[in-house]
Each structure stands twice: as structure tokens, then as C-alpha cells.
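Colleague: I have a new model open and would like to learn how to read it. Could you take me through it, feature by feature?

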Amino acid sequence: MDGSHTPATLPLRPADEVMTLARLGVMQPTRLSFLRVLMRDLARMEAQVTRPIWSMDAKGHGHAVYSVTLAGHTYSLIAFSRHLADEDRSDRVIATAWDAAFVLFDGVPVPDDIARLAAEVPQQEAGRLGPKELVLSRANKSVRLFNHVVDALRAGRQPEPDQIAATGYLMRTTAVYGNGKFGLSDRAAYCDRPGLSGPFTAEMLTVWLIRGFTHDLAEHLGGAPLDRRIKRHLGIGNATGLGMAPFLVSHPLLIDAWFSVKETALARVLAQETISSDEAARLVELAKQAAAYLASWSVADADAMAGIEALRADWDAFCAGLDASSLAAPSALSLLFAGLECQSCALQELAAAWVIEAFGHLVDDLAHCQASPRRPELDAAMTCAELAQIISDHGAWAMKPDFDTEAQHAQFWYVSEEKLEPRLGRRFEEPGAELETPLDTARQLSALCGDLPDDDTPLWQFLAARPEHRAVARRAQALPSHPYAEVRANMLCEEAAPIHLLRAKLSFFGATRFDPKSRLWTRVTLAQGLPLADEIGTREAAWLPTF
Amino acid sequence: MGWARAEIQALLLRAGRGAGLPLSHAEDLSIAVAEHGDNAALEAAATALADGWTPARFEQKDELGIAFKDARALSALPVAIDALAARVPKVELRDLDAPELVAPFLAAASARVGVDARHSDKTWVLTGGNPSAQSPKRDRFNPPQSVIDTLSELAARTYVPASSASRDGAGAGTIDND
């Protein structure tokens, strides 16, 4: 960012307000979400996508290669499609076979590369990748819609719009791995390249390319092209479980960067004294889009559906008095937002995403501040009293739970022996709590506070004697400068639902149509409404896509 | 094709916890070796972890510094670096068990504290220097399989057999043909 042109800003919303599970669990994608940023970067860098290899048989089994040029580098998605029996089609991480498997390759693969990867990539976690491979993924067909689309094309017609709208994707990814997993390239090896420097950008590029592959596969089997408008609305599904949740706890400064950017964007937008009549009209149009999106968003889970219905009603009431002239009045946006203080977190988060959407010229430069390679570092020269003061000022949220009561630590996180995946257990009903994964930041902070002398003892000496507190001590020290670094909740308590963490992280990815299946896992749609490969630079991405 | 640094970091973190290291010490070890170490450092880390966790014990040598007797790298190096960052002038590490880990730990801490390191036989003397952040290494690890096996066995100590209840609730349905 050029400091001389930094827009005015209001104070950011306090972390005690932003970083609660209740708010994380209702977050919406914004124009700063990673998929949206990727689309702008692809356009700015004039990326070109080609399909140099399409080797599919009449059943749609074989392989394909898509290459994208980006700032002097070429990346290739290699897709392997195979037969999968219905009884083997599972979205679980413990599955061992999928309809399709993918790898994002650094460069253009030669036949030897493809032969090697054909043996490894379909195995997923059981395979072994190398430094030329950046991302590994797999997907299963959304069988009903996939078959409907193919059947319709074969019959010489387009698929039914209501079926397209109801599902919204032809395949569903069940994992997207990067950063060294199973031998993949380290992110550090490419994170300074233009176009791939943002968080999860290589993964998002992979997902977007997979979406194009699913369109091509359906057209190949159907023997006719899909209508362009239908293809735009066909994103890529994703099933996400507990594996994603610990990331938010284990990367505190990165999370702080994500939330700081979003909150700064909101503060910049609300700081405008007036907006133009065109901008006001744009906001009115976006409000209608949001209403249409909410109207089309239905899920099976009763509690989640009740939340969507409540949000529909709240949004309708919020929009009832909106018109372009009132929005163009002095301080209209900040006053509008102040009026939401007593409203639901869900309405506030939708409204935040809505106002941010309309002011790309104020906020888009922030997108490239979302990557942070930093970690909390111990300020060893501090005294114990100084750290106690920081905890008093910034850690009150961790002091509220009474960890002597069973309900406040009823759950424990662990890594399963079965598949090395994160899981959540019941501490007083299941074995293994003594091996729990340390995602208990609130409890650690509370314990540190209980043992920390409130005197001038050098902190390093205290921690040398009590090393069990050293990890959370440096996290606590980071809070004054990184207020959004911690999810301000006790993740062990009975009520703490991982689904809220998943929703927050997926919203940063740009996911829409959250469809929670339990408190532990959700389905979402990615890349719906984004430009197609041949529309890069000529078409805007949809904020909340409707059909 | 070797091992990616990020996967070695994840493995070391779990192995460190499995060996009984406090969380921050496991974190420091995993970052130091994965970002600034080589195959020798990784092998030394595996050997040190297999020896288990021994808390750091040091004595105030004089007003100029502290000394660790029979220094265990896994526990002493984080404390030594903290002490130097807190402007303790000199730290002695006597009979250090894994000297291959000194350079990675100092490199990992180089942005917050500069350290000059000298050694004579098995005693290392660390003194404050000018901070100068060192860039992480990029080449991949190619350790002997025995090193990976050792680390994997230690990491496995943190794994819990899944219960049917948690397995049922951890992800999607068994069959997903919708």
C-alpha cells in the first residue's frame, strides 16, 4: 500500500466483538475472499487458460491437462477421471477412491510426469508427490445433477434450471492439500511469485480450474455444449470436516491478518462522509442481489434453515427503508451501521460484506496484506508483571470460563490414529484425553494467569522454570498488536461447535451456500458465479451468486 | 523426491509433543530444524527426541551470565536464546548433546536476537550479537528412513484410537451418492 494515499478509516471493531464463535459462525464471503482476489489477479495479469490435453474415453475416463499462464509462470492442472462404484463414493477423509483426482503442477507436464502422477495422484494420501506438484485434490460427482446434465445434453436440450439452482455444482471436492503435504512443494518455494502470494491462492486456483474440468467432462459425455449462463452458476462443491478447524488456532498471526484486512476494509467504507449517487445505486442493487441469494439458499438442517429464514426477514426489514438518495446523505453508511448494533450478528456480517462489496477502489489494495509468514515471538525481556497486565487488558475472554467445572472442558481435540485427522472427543466419556491436541488457548491462558507472579521477575526466568506456559505467553504478548489473533472462545466447552470455525475459514476462501450437516462438518459451494476461463478480464465475479 | 520442509515441520512438532516436550519447545524445534536445518540437524533432532525430555537446569555463573551443565539441546537452547534476548550477556552450554541443533535454533531466532556462538570441545559459549534475520532454507530433506521412522514412532504417541462416536461425527456420510 502507498501510505500517502491510505483512505480515511474509523476505529476497527473490537476483537471482543469480532472474534466470537457466534460471529464467526455467520460470516459471509466478501470481495476480499481469496477466490475473488484470485479472479482480479488473473484479470490484472492477463492470465490465459488452455487445455493442451483432453484424453477421455466415451465413459469420461482418462486424463486432461489445463495450463494457465500467470506472471511469467505456467501452472497446469492435471485431472484424472476414473470409474467409481456407487458404494465407494464417500466424502469422508477416510475414503480411498474418488471419481476424479487432481494435481496442480508447476510448469507444463511432459508424458513422463503424467505417467508418474497417474500412479500417485489417484492414491491421494497414500501417494507421494514432489517439488513440482503444488496442490493435491480429489472430487466426487454430485451424481443426481451430473447425470441429469449429461442426460439433458444427450437429449439435445439444456438441463432444468431448478435442478441447476438446487445443487449448483457437478462435483464436490473432499480435500484440497497444499504446502508440503505428502511431499508436495513447500508454499515457501512459490509464495513470492506474483499471483500466488496470497493465502491459499494455489489451492483456490486449483479449485477454479477443477470447476472448469467438471463443465468439460459433462459436455464431453453429453456431446453438446452447456449454456454459458448455466456453466457460470455451476461452481465446485466442497465437503469440509474437522480437519480445517485447528488451522484457525494454530496460525494466530495469519488469522489476525485476515480479520484485520476485513475490519480495515469495513472501517474505510464506513468512514466516507458521503458517497456518489452511482455508488448508492450500486448498494441498492447489491442489497437486492443479497435478498435473492437468501431466498434461494435452502438447507436440510432445521437449525441452519431457521437461521437463514431469520436472516431473510432481518435483511428484508433492513432493506425496507433503503434507497439511493438516503444512502447518499451525509454519514449515511456509518449511521446505518450504528443502527445495527442491537441486531443479530448474522445481519451485521451480511451488511458488512454488502458495504465492502460496493467500494473496491477503497479496499481492494488490502487484499495483498492477507498473507503473514510471521509467528508470535517471545519478548523475553518483559517482566512477569508486564505480561500479567497484557493478559488483564486483552485476555479477559479467557478468564471467564471456570475450568474446574466439567462443562467448560467437556470436549478435547485429538489426532486419530486411524487416519491422522483431527477429531473431537468427549473428555468424560471417551479415552485419549491425556493425548489431546493443544487447541485450548483459553485454558492455557487461564492457567498462565493463575501461575504468573505479579512482580518484576524476568519473564524468561519464570518460563525457564515453567516451560508449559511459554507457548501461550508469546501468544498473549502478540495480542496488543494483533488483536484478532485469537478466537475468543473456549473451544473445549460443551457448547463450542467447530462448525463456526469452518464457516469463518470458508468465508475467507469465498465459499457460499453453507450447508451444515452437523456441528462438525458442512458442505459449501466454491467458485459459483465466478468468470469462466475464457471470461477472465471481461466479466465481474458475483458476490452472492444467484441463478 | 525427498521430504518437504513443511511436512518435516509438522512431523517434528508431533514427535516433539510425543517425546514429552512442552508445546513451545516442540514448536521451536520444529521451526528451527524444518526452516534452517539440514539432514544432519534432522537426524540429531530425532536422536535427541528419542532420548526424551529433560528440563533445563542452569546456574547463575556470575553477573555476566548463566551456565547449563550437561546441557540438553531440546530444553537448553530455547532458554539460552530467551536469556540472551533478555540481555543476559553470556550463556555457557556444557557437554551439549546435540551441537548440530545450535545453528538452526540461532538462525530461527535471528530476527529477534543476534547471537555469536563459539565452542571448544563440547562446551558452547553464546553471547549477544547483532540481530540479522536469516532466510529459511528451501532445499528438501533426504534423511535416512530410520530418522523418519523414529520421528513417526514418537509422533504416534500423540495419536488416539478413534471411537465410533467421533468417527461417525467427524465428516460426511459413509456413502454420498446425492
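Colleague: Take chain B. Among contacts between residues at least 6 apart in sequence, what share joins residues at least 24 apart?

Modeller: One point before that: this is a predicted model. Now the share. In chain B, 65% of the contacts between residues at least 6 apart join residues at least 24 apart. For chain A, residues 24 or more positions apart account for 77% of the contacts with a separation of 6 or more.

Colleague: How many residues of each chain count as buried?

Modeller: Burial here means 20 or more other C-beta atoms within 10 Å of a residue's own. In chain B, 52% of the 178 residues count as buried. In chain A, 52% of the 547 residues do.

Colleague: What are the spans of the two chains?

Modeller: Take the principal axes. The C-alpha trace of chain B spans about 70 × 30 × 30 Å. The C-alpha atoms of chain A fill a box of roughly 80 × 60 × 45 Å.

Colleague: How do I read a sheet in chain B? What is the strand order in the sheet of five strands?

Modeller: The general idea comes before the case. Strands of a sheet pair through backbone hydrogen bonds, either parallel or antiparallel. In chain B, five strands form an open sheet in the order β1-β2-β3-β5-β4, and the pairing is mixed. The edges are β1 and β4 (114–120) of chain B, each pairing on one side only. From one strand to the next, the twist averages 25°.

Colleague: Walk me along it. How many bridges join β1(B) to β2(B)?

Modeller: Four bridges join β1 (residues 58–62) of chain B to β2(B), and the two strands run antiparallel. Look for Glu59(B): its bridge partner in β2(B) is Ala67(B).

Colleague: Which strand does β2(B) run parallel to?

Modeller: β2(B) runs parallel to β3 (residues 90–93) of chain B, and four bridges join them. Here Gly65(B) has Lys90(B) as its bridge partner in β3(B). Follow the chain between these strands. It crosses from β2(B) through α4(B) to β3(B), and this β-α-β crossover is right-handed. The helix α4(B) lies across β1, β2, β3, β4 and β5 of chain B, and runs at about 165° to β3(B).

Colleague: And in what sense do β3(B) and β5(B) pair, parallel or antiparallel?

Modeller: Antiparallel, over four bridges; β5 covers residues 123–129 of chain B. In β5(B), Val125(B) is the bridge partner of Glu92(B).

Colleague: Now the side chains. Which residues of β2(B) are buried?

Modeller: Check which face each side chain points to. In β2 (residues 65–68) of chain B they alternate. Ile66(B) and Phe68(B) point to one face and are buried.

Colleague: On to the interface. How many residues does each chain give to the contact?

Modeller: Count each side separately. Chain B gives 39 residues and chain A gives 56. On the side of chain B, the elements that give two or more residues are α1 (5–18), α2 (23–36), α4 (73–85), β6 (159–160) and α7 (164–169). By class, that side of chain B has 20 nonpolar, nine polar and 10 charged residues.

Colleague: Where does a sheet take strands from both chains?

Modeller: Look at the open sheet in the order β9(A)-β8(A)-β6(B), three strands with mixed pairing. Its edge strands are β9 (422–426) of chain A and β6 of chain B, each pairing on one side only.

Colleague: How many bridges join its strands?

Modeller: Go pair by pair. β8 (residues 411–416) of chain A and β6(B) pair in the parallel sense over two bridges. Find Ser416(A), which stands opposite Val160(B). Five bridges join β8(A) to β9(A), and these run antiparallel. There, Tyr414(A) stands opposite Arg423(A).

How values were computed
Residues are numbered from 1 along each chain as its sequence is written. Chains are lettered from A and ligands numbered from 1 in the order in which they are written. Two residues are in contact if their C-beta atoms, placed from the backbone, lie within 7 Å. Ala, Val, Leu, Ile, Met, Phe, Trp, Tyr, Cys and Pro count as nonpolar, Asp, Glu, Lys and Arg as charged, and the others, Gly among them, as polar. Two strands pair if DSSP finds at least two bridges between them. A residue is buried if 20 or more other C-beta atoms lie within 10 Å of its own, exposed if 12 or fewer, and partly exposed in between; C-beta atoms are placed from the backbone. A crossover is right-handed if, with the strands pointing away from the viewer, the path from the first strand over the helix to the second runs clockwise. Axes are lines fitted to C-alpha atoms, for helices over the stretch in contact, and angles run from 0 to 180 degrees between N-to-C directions.
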